Amino acid sequence: CFAKTYLDISVEMRGKLYPRLEFHDADDSYLFSVTGLEGGAAFLPPLTEFDRSEVPVKPVMKSDGASEEIADDDPGQALLTRFQDSATTIEIRVANHDITQVWQGQIEKTMPMGGFVNIITKPFHLHLKAGQVAYWQSENGLHQAMDHSGCPIGLEIKEL
């Protein structure tokens with residue numbers, strides 16, 4: 001269960017604000033976040049009723065502009081690219097701390113960027129960190145992402 005919520009209004013791209021609510025547990029460990037993809041005007045008004053206090057700004061890691069490479073044999077990228085190339089209709093299910101997000105459709109384009117394999121559609125964004133998936137446990141068209149310890153990471157892809 002979450003104990004702390006942070007509102008981050010520092011992300012702006014191409015003149016549009018992308019506010020984000022970050023949810024943390026009692027130890028202040030990150031659980032999940034929700035980002036307002038339609039901008040501040042759509043996302044922020046319901047939050048005005050909540051008591052808030054300012055917290056110190058977290059320093060942002062500076063990048064040298066170089067994008068992290070993703071290995072050609074990265075299991076996460078390989079499966080997503082396979083579904084993109086075959087135009088397979090899939091269901092992506094991401095579960096994290098009792099929160100589940102589900103999307104169905106065809107992957108139009110994977111976008112490797114900044115060390116992540118990204119799927120970006122209007123209602124759904126998936127940012128899968130390169131190397132996070134060690135392998136897929138697959139059976140009957142259901143693919144469960146496993147980490148390097150053999151544990152599920154909360155990402156499942158089902159062929160429809």
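Residues are numbered from 1 along each chain as its sequence is written. Because the model is predicted, local features need pLDDT of at least 70 and side-chain atom pairs count only at pLDDT 80 or more, while totals for chains, interfaces and linings use all residues; side-chain values use heavy atoms, with hydrogens and water left out.

**Helix α2**

Helices are DSSP runs of H or I with at least four residues, strands are runs of E with at least two, and both are numbered from the N terminus. Helix α2 covers residues 75-86. Its 12 residues should span 16 Å at 1.5 Å a residue. The expected span is 1.5 Å times one less than the number of residues. The end C-alpha atoms of α2 lie 17 Å apart, which agrees.

Asp-74 caps the N-terminal end of α2. One of its side-chain oxygens sits 3.1 Å from the backbone nitrogen of Gly-76. Just after the helix, Ala-87 takes a positive phi of about 55 degrees.

Buried means under 20% relative accessible area, exposed means over 50%, and partly exposed lies in between (1.4 Å probe, protein chains only). In α2 the buried residues are Gly-76, Gln-77, Leu-79, Leu-80 and Phe-83. Residues three or four places apart in an α-helix point the same way, because a turn takes 3.6 residues.

**Aromatic pairs**

The structure holds 2 aromatic pairs. Rings of Phe, Tyr and Trp (its six-membered ring) pair when their centres lie within 6.5 Å; planes under 30 degrees apart count as stacked, over 60 as edge-to-face and the rest as tilted.

Phe-23 and Phe-32 are stacked, at 4.6 Å centre to centre and 15 degrees between the planes. Phe-23 and Phe-32 are buried. Trp-103 and Phe-124 are stacked as well, at 5.4 Å and 10 degrees. This pair links distant parts of the chain, 21 residues apart. Trp-103 belongs to strand β7 (residues 99-106), and Phe-124 to the loop between β9 (116-120) and β10 (125-129). Trp-103 counts as buried because its relative accessible area is 9%. Phe-124 is buried too, at 2%.

**Salt bridges**

There are 5 salt bridges. Each is a side-chain nitrogen of Lys or Arg within 4 Å of a carboxyl oxygen of Asp or Glu. The table lists some of them.

| Salt bridge | N to O distance |
|---|---|
| Glu-22 and Arg-20 | 2.8 Å |
| Arg-82 and Glu-159 | 3.6 Å |
| Arg-93 and Glu-91 | 3.4 Å |

Arg-82 in helix α2 and Glu-159 in strand β13 (residues 152-159) are 77 residues apart, so their bridge links distant parts of the chain. Arg-82 is partly exposed at 43% relative accessibility, and Glu-159 is partly exposed at 31%.

Glu-22 is buried at 12%, whereas Arg-20 is partly exposed at 22%. Glu-91 is buried at 12%, while Arg-93 is partly exposed at 32%. Shared partners join Asp-8, Arg-20 and Glu-22 into one salt-bridge network.

**Largest pocket**

A pocket is an open set of points on a 1 Å grid over the protein atoms alone, where a 1.4 Å probe fits, with protein on both sides within 12 Å along at least five of seven lines; lining residues have an atom within 4 Å of a point. Its volume is the space filled by probe spheres set on the points, which are joined across faces, edges and corners.

The largest pocket holds about 2,100 Å³ of space. Its lining has 41 residues, and Ser-33, Thr-35, His-125, Leu-126 and His-127 lie nearest the centre. Strand β5 (30-35) is among the elements that each supply at least two lining residues. β5 gives the most, with 6 residues.

Technical notes: A polar contact is a pair of N or O atoms within 3.5 Å; within protein, one must be able to donate a hydrogen and the other to accept it, and residues adjacent in sequence count only if both atoms are side-chain atoms.
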